[in-house]
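Good morning, and thank you for coming. I shall walk through one structure today, and I ask you to keep it in view while I speak.

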Amino acid sequence: MIELPFALALSAVIFVIGMVGVFIRRNAIVVFMCIELMLNAVNLAFVALARQLNTLDGQVFVFFVMTVAAAEVAVGLAIIVALFRNRETLNIDEFNLMKW
Amino acid sequence: MASLIFLILGVLVVISSLLVILQRNPVYSALYLVFTFFSMAGIFLILGAEFIAAIQVIVYAGAIMVLFLFVIMMLNLEREPEAPGQHPWQKVFAVFFGLVLLITLGGAVYSGVLKAEPVRAVAKPAVENTKAVAALLFTDYLLPFEIASVLLLAAIVGAIYLAKREH
């Protein structure tokens with residue numbers, strides 16, 4: 001059965017791609033999308049390992065990860081809208097008020 | 001046959017997620033992310049998680065990405081300009097650290113999971129996937145389920161309050 005190593009490798013690759021996206025992109029919405037990529041990579045790892053261990057607890061946890069991700073996207077995009085309304089830009093380099 | 005489809009879907013996921021992070025226009029990034037989510041749903045189907053595949057399409061590709069696209073449309077963003085204040089080698093460092101993490105994760109998976117657990121055959125499930133997940137969700141995981149609904153309520157209230165226009 002080739003699925004487990006391949007699925008875990010794929011999960012690691014997608015997680016790293018999301019992480020590199022968070023590092024190199026300047027637009028706040030695209031950074032948020034890369035965070036969603038990372039969450040999806042973790043979901044894939046959960047499902048693959050649940051299949052390996054012949055249990056469904058991993059899939060239940062994926063359900064909760066998706067719920068939390070949906071709530072996080074709603075609140076996060078509301079924050080981004082509020083930010084844009086105040087600063088007229090979404091370049092994350094501009095939000096440096098807490099820099100000393 | 002299933003392995004071949006799995007391989008094709010995996011390559012599609014990697015290519016489209018690379019395109020998500022490399023596109024200049026945020027709308028293109030969002031569309032490639034939708035494609036990534038659909039391919040991931042296909043991978044979930046091959047891994048036997050039909051319920052998760054269905055709610056991946058409905059929730060992630062169907063609700064979350066629609067929300068993203070609505071916000072991008074509402075804020076009327078253009079192409080991302082070249083970042084002036086960036087360190088000139090930031091992309092190089094980012095890719096380097098990404099590769100370091102990838103190798104570390106690969107090593108951790110190999111030494112932790114792949115050596116310890118022998119790869120065994122998967123038992124054919126007795127009931128359908130949705131029924132089995134629901135049985136777990138409403139018995140063993142009932143408390144997290146109810147807390148998740150309270151979390152969604154808090155998210156609704158928070159999102160509405162944060163995005164409201166000042167009067």
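Let me begin with a term: the bounds of a domain come from an automatic or database domain assignment. By that assignment, chain B is divided into domain 1 (1-78), domain 2 (90-120) and domain 3 (122-167). The C-alpha centres of domain 1 and domain 2 of chain B are 23 Å apart.

Two remarks on the source are needed. This is a predicted model, in which local features need pLDDT of at least 70 and side-chain atom pairs count only at pLDDT 80 or more, while totals for chains, interfaces and linings use all residues. Residues are numbered from 1 along each chain as its sequence is written, and chains are lettered from A and ligands numbered from 1 in the order in which they are written.

Next, the secondary structure of chain B. Helices (H or I, at least four residues) and strands (E, at least two) are DSSP runs, numbered from the N terminus. Chain B has six helices and zero strands, and its pattern along the sequence is α-α-α-α-α-α.

How much of chain B is buried? A residue is called buried if 20 or more other C-beta atoms lie within 10 Å of its own, exposed if 12 or fewer, and partly exposed in between, with C-beta atoms placed from the backbone. Of the 167 residues in chain B, 23% are buried.

I also need the term contact: two residues are in contact if their C-beta atoms, placed from the backbone, lie within 7 Å. Among the contacts in chain B with a separation of 6 or more, 56% join residues 24 or more positions apart.

We come now to the place where the two chains meet. Chain B brings 68 residues to the contact, and chain A brings 60 residues. On the side of chain B that touches chain A, α1, α2, α3, α4 (90-116), α5 (129-137) and α6 each supply at least two residues. That side of chain B consists of 54 nonpolar, 11 polar and three charged residues. Here Ala, Val, Leu, Ile, Met, Phe, Trp, Tyr, Cys and Pro count as nonpolar, Asp, Glu, Lys and Arg as charged, and the others, Gly among them, as polar.

The next topic is the nonpolar core, defined as a set of buried Ala, Val, Leu, Ile, Met, Phe, Trp, Tyr and Cys residues joined through C-beta atoms within 7 Å. The largest such core has 69 residues, of which A:Ile29, A:Met33, A:Leu44, A:Val47 and B:Phe44 touch the most other members. At least two residues each come from α1 (3-24), α2 (28-52) and α3 (57-87) of chain A, and from α1 (2-22), α2 (26-46), α3 (50-75) and α6 (142-163) of chain B. The element that gives the most to this core is α2(A), with 14 residues. Because domain 1 (1-78) and domain 3 (122-167) of chain B both give residues to this core, the core lies between them. As for A:Met33, leaving out residues up to four places away in sequence, this residue touches B:Val20, B:Ser29, B:Ala30, B:Leu33 and B:Phe68.

Let us compare two helices. The expected span of a helix is 1.5 Å times one less than its number of residues. From first C-alpha to last, the 25 residues of α2(A) reach 37 Å, close to the 36 Å expected. Since 19 of its 25 residues are buried, α2(A) is largely enclosed by the rest of the structure. The 22 residues of α6(B) should span 32 Å, and the end C-alpha atoms are 32 Å apart, which agrees. This helix, α6(B), is hardly covered, with two of its 22 residues buried.

Finally, some individual residues. Which residue just after α2(A) takes a positive phi? That residue is A:Asn54, with phi of about 55°. A:Asn54 sits in the loop between α2 and α3 of chain A and counts as exposed, with 11 C-beta neighbours inside 10 Å. A:Glu88, in the segment after α3 of chain A, is a residue other than glycine with a positive phi, near 60°.

B:Ser17, in helix α1 of chain B, is buried, with 28 other C-beta atoms within 10 Å. Apart from neighbours within four places in sequence, B:Ser17 is in contact with A:Ile14, A:Ile17, A:Leu37 and B:Thr36. B:Val92, in helix α4 of chain B, is exposed, with 11 other C-beta atoms within 10 Å.
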